[in-house]
Amino acid sequence: MWAAAAHGRRPRASARYRKAVASLRGRIRAEVGRVLTVLVVAKRPAAIALERLNFQNPALSRRLNRIIQNCGRSIIRAKLSDFHDRFGIISEEVNPAYTSQTCSCCGYVDKRNRPSQSAFRCKVHTSVRKRAKWSGCQVRPIHQIWCRFR
């Protein structure tokens, strides 16, 4: 428990708490910037699509859910806006429904396409075997997720 909370004050009233939050935000901003810059320099994408994921957990408090939900999103949006201004890279948030079950080659959707958390295997085109995290990012505009490169 924070020392300020023990004396009936809110943690935000503590200078030490505000300093810790500012330090954490700086670290998040630096890491997000570094990772996205490496991606843009290495791949030169014309467009980036982000899935709108919901990280809420009913077992957690409303305040903690809000913190988890918003952690770093504004920083990511600001960096993507910067990329749009400097390089013309389009970014869009998309609905993540069925992207992990959709074949990037034929568009076939089936929950059996994901035999495990890390594997993807299309039930129609049996030759299509990929790592699940790469298959989802390659899904074509069927679900408005696209990976276009210059």
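Visitor: Where is Ser14 found?

Guide: Ser14 is found in the loop between α1, residues 3–6, and α2, residues 15–43. Helices here are DSSP runs of H or I with at least four residues, strands are runs of E with at least two, and both are numbered from the N terminus. This is a predicted model, in which local features need pLDDT of at least 70 and side-chain atom pairs count only at pLDDT 80 or more, while totals for chains, interfaces and linings use all residues. Residues are numbered from 1 along each chain as its sequence is written, and side-chain values use heavy atoms, with hydrogens and water left out.

Ser14 has a relative accessibility of 14% and therefore counts as buried (under 20% relative accessible area is buried, over 50% is exposed and in between is partly exposed, with a 1.4 Å probe and protein chains only). The side chain of Ser14 reaches the backbone nitrogen of Arg16 at 3.3 Å. This is a polar contact (a pair of N or O atoms within 3.5 Å; within protein, one must be able to donate a hydrogen and the other to accept it, and residues adjacent in sequence count only if both atoms are side-chain atoms).

The protein chain has five helices and four strands, and along the sequence they follow the pattern α-α-β-α-α-β-β-β-α. Of the 150 residues, 25% are buried. The chain exposes about 10800 Å², and carbon and sulfur atoms supply 55% of that area (by the Shrake-Rupley method with a 1.4 Å probe; for residues, only the protein chains shown count as cover).

Next come the charged pairs. The structure holds four salt bridges (a side-chain nitrogen of Lys or Arg within 4 Å of a carboxyl oxygen of Asp or Glu). One of them joins the side chains of Arg34 and Glu31, at 2.5 Å from N to O. Arg34 and Glu31 are three residues apart in helix α2, so about one helical turn separates them. Arg34 is partly exposed at 46% relative accessible area, and Glu31 is partly exposed at 40%.

The structure holds one aromatic pair. The pair is Phe83 and Phe87, and it is tilted, with 6.0 Å from centre to centre and 40° between the planes (rings of Phe, Tyr and Trp, for Trp the six-membered ring, pair if their centres lie within 6.5 Å; planes under 30 degrees apart are stacked, over 60 edge-to-face, and the rest tilted). Both residues lie in helix α4, four residues apart, or about one turn of the helix. Phe83 is buried, with a relative accessible area of 1%, while Phe87 counts as partly exposed at 36%.

On the surface, Leu53, Phe55, Leu60, Leu64, Ile67 and Ile68 form a nonpolar patch with about 480 Å² of accessible area together (patches are made of residues with over 30% relative accessible area and no salt bridge; like charges are joined within 9 Å, nonpolar side chains, namely Val, Leu, Ile, Met, Phe, Trp and Tyr, within 5 Å). Ile67, one of the patch residues, is found in helix α3, residues 62–70.

The loop between α3 and α4 contains Cys71, which counts as partly exposed at 49% relative accessibility. Cys71 and Arg25 are 46 residues apart in sequence and 9.1 Å apart in space, C-alpha to C-alpha.

Phi of Arg44 is near 50°, a positive value in a residue other than glycine. Most residues other than glycine have a negative phi.
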